[in-house]
Amino acid sequence: FRPIAHKIVVARPGNHEDRSEIKAQMNPLREICKSLGIPYFPGPSDMEIVWRGYRWTFFMKHGTGASNTTGGKLNAAGRDRGYCDFRNFFVMGHVHAQMTHKVVRQVRRRRMGANGVLEFWIENLKEYKVICPAYLKYEDTYAQRAGYRPGSRGTIVIQLFANGDYHVVSSKRNPQDTETSDTVV
């Protein structure tokens, strides 16, 4: 990770790091982050990126869920919508799938007008649920021996544009992953 450490905005641990801490009293991700100067957050994180006068908001967590269905996994990714204000992106891992889902939400906006009167309006904004894939080996692992379905091995890119727009793009890492990937756009 050293060559790209300056591009990593935040690192979050998951159940595998938790297991390492319980069994070996060591969290490898925390050690890597410390060594490379990458911000490390042990719990869910709220983040804003402000660039060229635009603001994008993120809620990120490792996630939970044992659902085998696309809908169940996406519901887990968006579960925090119930107590969070609007976020452009709800990002989750844990379920070893590559998925995105976009919805348009109506968001109340307000600002103080030039004449000193508070102005209100409704804006239609895109909100994405993003489930990041896992780059885990499958052959000769506990997952294969237990008969679990192989995880997705694609890539998800969150694109932020200079005009304030934003998109999520997902792709396959290689052709043989086509059958095992859950991509919803």
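Residues are classed here as buried when their relative accessible area is under 20%, as exposed when it is over 50%, and as partly exposed in between, with a 1.4 Å probe and protein chains only. By this criterion, buried residues make up 36% of the 185 residues in the protein. The model is predicted, so that local features need pLDDT of at least 70 and side-chain atom pairs count only at pLDDT 80 or more, whereas totals for chains, interfaces and linings use all residues. Residues are numbered from 1 along each chain as its sequence is written, and side-chain values use heavy atoms, with hydrogens and water left out.

The C-alpha trace spans about 70 × 35 × 30 Å along its principal axes. The protein exposes about 11,800 Å², of which carbon and sulfur atoms supply 53%; accessible areas come from the Shrake-Rupley method with a 1.4 Å probe, and for residues only the protein chains shown count as cover. Of the contacts (heavy atoms within 4.5 Å) with a separation of 6 or more, 60% are between residues 24 or more positions apart. The secondary structure comprises four helices and seven strands, where helices (H or I, at least four residues) and strands (E, at least two) are DSSP runs numbered from the N terminus. Their order along the sequence is α-α-β-β-α-β-β-β-α-β-β.

Strand pairing was assigned where DSSP finds at least two bridges between two strands. Strand 1 (residues 45-51) pairs with strand 2 in the antiparallel sense over seven bridges, and Glu48 stands opposite Thr57 of strand 2. These two strands form a hairpin with two residues between them. Arg52 lies in the loop between strand 1 and strand 2 and has a phi near 55°, a positive value in a residue other than glycine. The relative accessibility of Arg52 is 61%, so this residue counts as exposed.

Strand 2 also pairs with strand 3 (residues 89-92), here in the parallel sense and over four bridges; Lys61 has Met92 of strand 3 as its bridge partner. Six of the eight residues of strand 2 are buried, and the strand is thus mostly covered. Strand 3 in turn pairs with strand 5 in the parallel sense over four bridges, with Phe90 opposite Lys129 of strand 5. Strand 4 and strand 5 form a hairpin with five residues between them, and Gly116 in the turn has a positive phi of about 85°.

His62 is placed in the loop between strand 2 and helix 3 (70-78). Apart from its neighbours within four places in sequence, His62 is in contact with Arg12, Pro13, Gly14, Asn15, Met92, Gly93 and His94. The C-alpha atoms of His62 and Gly154, which are 92 residues apart along the chain, are separated by 18 Å. In helix 3, Lys73, Leu74, Ala76, Ala77 and Gly78 are buried. The cover over the buried residues of this helix includes strand 2, strand 3, strand 4 and strand 5. Asp140 lies in the loop between strand 5 and helix 4 (142-146). Phi of Asp140 is near 60°, a positive value in a residue other than glycine, and Asp140 is exposed, with a relative accessible area of 62%.

Pockets were located on a 1 Å grid over the protein atoms alone, a pocket being an open set of points where a 1.4 Å probe fits, with protein on both sides within 12 Å along at least five of seven lines; lining residues have an atom within 4 Å of a point. About 630 Å³ of space lies in the second largest pocket, the volume being the space filled by probe spheres set on the points, which are joined across faces, edges and corners. The lining of this pocket consists of 20 residues, and Arg55, Phe86, Val107, Arg108 and Arg109 lie nearest its centre. Strand 2 (54-61), strand 4 (99-112) and strand 5 (118-131) are the elements that give two or more residues to the lining. Strand 4 gives the most, with six residues. The lining residues divide into seven nonpolar, five polar and eight charged, where Ala, Val, Leu, Ile, Met, Phe, Trp, Tyr, Cys and Pro count as nonpolar, Asp, Glu, Lys and Arg as charged, and the others, Gly among them, as polar.
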